[in-house]
Amino acid sequence: KQIYFMRFGASDGEIEAIHPVKITVKNVNQAPEITTTKQNTVIATLGEPVRFELDAIDQDINDKLQYSWITSWREPRVHNTNKLERIFQSPGSKSVTVKITDGRDTIVYTWDVTVINKLYNPPIPPTPTYKVFVIEHR
């Protein structure tokens, strides 16, 4: 926080008016902003790599952004990179989240991931067979 005192004046040539003004400048942090827009719904294939990437900026020039990736409560977080490659080991609904902070404010982005097993082919029901009988009446 910084305080400045200034004087503003105006004159019409005959009368002059001067007014003192106190200006208080507060150091307000600007939160990081996402600069790339990615689709937040992903279809992934079991056992194949999927790349996640998100870019952000901070308008506060000296703020360094820190990234933290969360893929599962069982796995360690990945830090200090805006990219993550993940290989899913089980099919189903998953999520990948990245938290970006400037040390003061944090933004969060989450991808909803559906992992499919390309090798699994559901059984196709058999085609019914019909027997046709022709009966003639005379």
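1. In this predicted model, strands E10 and E11 form a hairpin, with four residues lying between the two strands. Within the turn, Gly-103 has a positive phi of about 100°.

2. The pairing of E10 (residues 92-101) with E11 is antiparallel and runs over ten bridges. One of the residues involved is Thr-97, whose bridge partner in E11 is Thr-110.

3. Strand E11 also pairs with strand E4 (residues 41-45), here in the parallel sense and over five bridges. In this pairing, Thr-45 has Ile-116 of E11 as its bridge partner.

4. The two faces of E11 (residues 106-116) deserve a separate remark. The covered face consists of Ile-107, Tyr-109, Trp-111, Val-113 and Val-115. The uncovered face consists of Thr-106, Val-108, Thr-110, Asp-112, Thr-114 and Ile-116.

5. Elsewhere, the surface carries a nonpolar patch formed by Tyr-4, Met-6, Phe-8 and Val-25, which together have about 380 Å² of accessible area. Strand E1 (residues 2-11) supplies the largest share of this patch, namely three residues.

6. Phe-8 is a member of that patch and lies in strand E1. Is Phe-8 buried, partly exposed or exposed? Phe-8 counts as partly exposed because its relative accessible area is 47%, a value between the limits of 20% and 50%.

Technical notes
Residues are numbered from 1 along each chain as its sequence is written. This is a predicted model: local features need pLDDT of at least 70, side-chain atom pairs count only at pLDDT 80 or more; totals for chains, interfaces and linings use all residues. Side-chain values use heavy atoms; hydrogens and water are left out. Patches are made of residues with over 30% relative accessible area and no salt bridge: like charges are joined within 9 Å, nonpolar side chains (Val, Leu, Ile, Met, Phe, Trp, Tyr) within 5 Å. Accessible areas come from the Shrake-Rupley method with a 1.4 Å probe; for residues, only the protein chains shown count as cover. A salt bridge is a side-chain nitrogen of Lys or Arg within 4 Å of a carboxyl oxygen of Asp or Glu. Buried means under 20% relative accessible area, exposed over 50%, partly exposed in between (1.4 Å probe, protein chains only). Two strands pair if DSSP finds at least two bridges between them.
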